[in-house]
Amino acid sequence: MGMQFLPSLVHLPCISDPLGTLGVIEGPSILPFDVKRAYFIQGIPAGSVRGSHAHKELQQLIFAPSGSFDLILDDGVKLFEFRLESQSVAVVVPPGYWRTLQNFSSDAVCMVLASAMYDESDYIRDYQEFLNWKIE
Ligand code: T46
C-alpha cells in the first residue's frame, strides 16, 4: 500500500424547520471523491454486526440519517471509533480500513455514498489477509 489517508469527520449542513430537516451532501470539502453509487442498510436486528471487511480502493462517506450505530475502523494497527448518531455528522472512510458496524438502534439507517460501483474483488473479507495486504 502507498500513503495512508486518515478517516475524518465532516459536518453535513442541515436545514430544519417545522416541516422537518433537510440535509445536504455537496462539494469537495464534504465529498473528496465523485459518487458512483449510493446504498443504505436498514431494518438491522438488535445485536447485529455488519461490515467485517476492508476495501482496497473504495472511498466512502458513511452516516446515520436516522438512529445510531458505531463505526469502528482498523488500519491494522490503530482503531478509529465513531458513534454515528446525528444526521449532520458523517465519516469519510479512505481505502484500506477494516470496518465493523455494530450497536445499531432499532431505527438506524446506515447511508453510504461510494466512489465506485459494486465490485466484490475490491473486498478483503478475511482479517489475516487484510493484515498481510497492509504490509505488502
Ligand atoms: C461497507 C458497509 C458499510 C450488492 O450486491 N451491491 C452493493 O452495492 C453492496 C454494498 C452489496 N451488495 C451485496 C453483497 C452481499 O451479498 O449485498 C450483500 C450484503 O453486502 P455486505 O455483506 O457487504 O454488507 P455489509 O453491511 O457488511 O457492508 C456494506 C458494504 O458492502 C460495504 O461496502 O462498507 O456496508
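Ala, Val, Leu, Ile, Met, Phe, Trp, Tyr, Cys and Pro count here as nonpolar, Asp, Glu, Lys and Arg as charged, and the others, Gly among them, as polar. By that scheme, the shell around the ligand holds five nonpolar, four polar and four charged residues. The model is a predicted one, where local features need pLDDT of at least 70, side-chain atom pairs count only at pLDDT 80 or more, and totals for chains, interfaces and linings use all residues. Residues are numbered from 1 along each chain as its sequence is written, and side-chain values use heavy atoms, leaving out hydrogens and water.

**Around the ligand**
- The ligand is surrounded by 13 residues (near means a heavy atom within 4 Å), and the closest are R37, R50, H55, R99 and Y123.
- β4 (37–42), β5 (50–55) and β10 (98–102) each give at least two residues to this shell; strands are DSSP runs of E, at least two residues long, numbered from the N terminus.
- With four residues, β5 gives the most to the shell.

**Contacts with ligand oxygens**
- A polar backbone atom of G51 is 2.8 Å from a ligand oxygen.
- For H55, a side-chain N or O atom is 2.7 Å from an oxygen of the ligand.
- Taken alone, the ligand exposes 650 Å², and the protein buries 68% of that (Shrake-Rupley method, 1.4 Å probe).

**The largest pocket**
- The ligand sits in the largest pocket, as more than half of its atoms lie within 2 Å of the pocket's grid points.
- A pocket is an open set of points on a 1 Å grid over the protein atoms alone, where a 1.4 Å probe fits, with protein on both sides within 12 Å along at least five of seven lines.
- This pocket has a volume of about 220 Å³, the space filled by probe spheres set on the points.
- Its lining has 14 residues (an atom within 4 Å of a point), with Y39, I41, R50, G51 and H53 nearest the centre.
- β5 supplies the largest share of the lining, four residues.

Notes. Polar contact = N/O pair within 3.5 Å; in protein donor to acceptor, adjacent residues only side chain to side chain.
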